[in-house]
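The sequence and the structure are shown first.

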Amino acid sequence: MAVSDEQPVGIDELLERVRLGLDRLSPKEAYETAEGGGLLVDIRYAALRERDGLIPGALVVERNELEWRLDPQGSHRAPEATGHDLRVVVVCNEGYASSLAAVSLRQLGLRHATDLTGGFQAWRAAGLPVVTTET
């Protein structure tokens with residue numbers, strides 16, 4: 001969804017609008033997408049990853065670096081950013097910031113970018129694999 005010069009909207013309305021264009025995935029669907037060659041991208045900040053753990057195999061990219069690391073044409077792209085057809089599933093903590101991030105990736109041409117409904121917390125609640133760090 002492109003930002004326009006229309007009347008300003010609040011974040012709740014913006015979130016609702018951008019989600020209309022996303023085929024958001026359940027935790028099980030996200031897991032199956034990753035198993036099928038899709039890329040899970042964890043944009044949670046370090047303290048949340050340390051507290052709650054990581055999704056095995058997910059690419060960790062801080063939100064402020066996401067577009068730089070996932071743009072297949074970018075000079076700072078991650079090796080995993082192989083092309084515009086890549087199926088990317090953005091994961092945040094609870095499924096809010098990831099919707100906005102997925103739309104931003106779509107604007108870069110990653111037409112299959114979407115996000116995980118409920119974020120990492122829904123993934124964990126679904127009993128899907130999580131790796132925790134021992135301290």
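## Helix α5 and the residue after it

In this predicted model, helix α5 is followed by G109, a residue whose phi is positive, near 100°.

Helix α5 itself spans residues 97–107. Which of the residues in α5 are buried? They are S98, S99, A101, A102, V103, S104 and L105. These buried residues pack against two helices, α1 (11–19) and α4 (66–70). They also pack against two strands, β3 (88–91) and β4 (114–115).

## Order of helices and strands

The protein chain contains six helices and four strands. Along the sequence, these elements follow the pattern α-α-β-α-β-α-β-α-β-α. The radius of gyration is 15 Å, close to the 14 Å that the globule rule gives for 135 residues, so the protein chain is as compact as a globular protein of that length.

The C-alpha atoms fill a box of roughly 50 × 30 × 25 Å, taken along the principal axes.

## Interior and contacts

Of the 135 residues in the protein chain, 40% are buried. Among the contacts with a separation of 6 or more, 67% are formed by residues 24 or more positions apart.

## Surface and charges

The accessible surface of the protein chain is about 7700 Å². Carbon and sulfur atoms account for 51% of that surface.

The protein chain carries 14 positive and 21 negative charges. How far apart are the mean positions of the positive and negative charges? They are 2 Å apart.

Terms used:
Residues are numbered from 1 along each chain as its sequence is written. This is a predicted model: local features need pLDDT of at least 70, side-chain atom pairs count only at pLDDT 80 or more; totals for chains, interfaces and linings use all residues. Side-chain values use heavy atoms; hydrogens and water are left out. The radius of gyration is taken over C-alpha atoms; the globule rule is 2.2 Å times the number of residues to the power 0.38. Buried means under 20% relative accessible area, exposed over 50%, partly exposed in between (1.4 Å probe, protein chains only). Contact means heavy atoms within 4.5 Å. Accessible areas come from the Shrake-Rupley method with a 1.4 Å probe; for residues, only the protein chains shown count as cover. Lys and Arg count as positive and Asp and Glu as negative; His and the chain ends are not counted. The place of a charge is taken as NZ of Lys, CZ of Arg, CG of Asp or CD of Glu.
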